[in-house]
Amino acid sequence: MKRIGVLALQGAFIEHISMLRKLGVEAFPIRLRQQLQDLDGLVIPGGESTTIAKLMQSYNLTQPIQELISHGL
């Protein structure tokens with residue numbers, strides 16, 4: 001089963017998780033750096049991009065997410 005994280009800092013992350021689960025995917029909220037381990041994908045819900053970027057920096061998620069992207073996630 002695919003493991004998909006949904007960035008849960010702002011936006012409609014609950015709705016994204018619900019829909020992914022209906023599609024048979026293991027989906028869960030991502031709020032902490034350690035939760036980024038062993039993912040098959042990451043959904044970043046839409047919203048105010050400036051706010052999301054600031055929250056990602058506050059939670060120290062920017063660099064780990066950039067690393068996942070550079071490794072093909």
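Two strands count as paired if DSSP finds at least two bridges between them. Strands, and helices too, are DSSP runs: at least two residues of E for a strand, at least four of H or I for a helix, numbered from the N terminus. What you see is a predicted model, in which local features need pLDDT of at least 70 and side-chain atom pairs count only at pLDDT 80 or more, while totals for chains, interfaces and linings use all residues. Residues are numbered from 1 along each chain as its sequence is written, and side-chain values use heavy atoms, with hydrogens and water left out.

Now the sheet. E1 and E3 run parallel and are joined by 3 bridges; Val6 has Val43 of E3 as its bridge partner. E1 also pairs with E2, again in the parallel sense, over 5 bridges. There, Leu7 is partnered by Ile30 of E2. Taken together, 3 strands make an open, parallel sheet in the order E2-E1-E3. E2 and E3 are at the edges with a single partner strand each, so one side of each has no neighbour in the sheet. From one strand to the next, the twist averages 30 degrees, taken between N-to-C directions of lines fitted to C-alpha atoms, on a scale from 0 to 180 degrees.

How much of E1 is buried? Of its 5 residues, 4 are buried; buried means under 20% relative accessible area, exposed means over 50%, and partly exposed is in between, with a 1.4 Å probe and protein chains only.

Next, helix H1, residues 13-22. Phe13, Ile17 and Leu20 are buried in H1. Down the helix axis these buried residues fall within an arc of 65 degrees, so they line one face of H1; the arc is that of the directions from the helix axis to the C-beta atoms. On the face turned away from the buried side are the exposed residues Ile14, Glu15 and Lys22. What do the buried residues of H1 pack against? They pack against E1 (3-7), E2 (26-30) and E3 (41-43), contact being heavy atoms within 4.5 Å. After H1 comes Gly24, with a positive phi near 85 degrees. E1, H1 and E2 form a right-handed β-α-β unit: with the strands pointing away from the viewer, the path from the first strand over the helix to the second runs clockwise.

On to the cores. A nonpolar core is a set of buried Ala, Val, Leu, Ile, Met, Phe, Trp, Tyr and Cys residues joined through side-chain atoms within 4.5 Å. The largest has 10 residues, including Leu7, Leu9, Phe28, Ile30 and Met56. E2 and helix H2 (49-58) are the elements that give two or more residues to this core. Apart from this core lies another, of 8 residues, among them Val6, Ala8, Val25 and Ala27. Leaving aside neighbours within four places in sequence, Leu9 is in contact with Leu55, Met56, Tyr59 and Leu61.

Last, the loops. Most residues other than glycine have a negative phi. Asp38, in the loop between E2 and E3, has a positive phi near 60 degrees. Asp38 is exposed, at 65% relative accessible area. Asn60 sits in the loop between H2 and helix H3 (62-70), and its phi is positive too, near 55 degrees.
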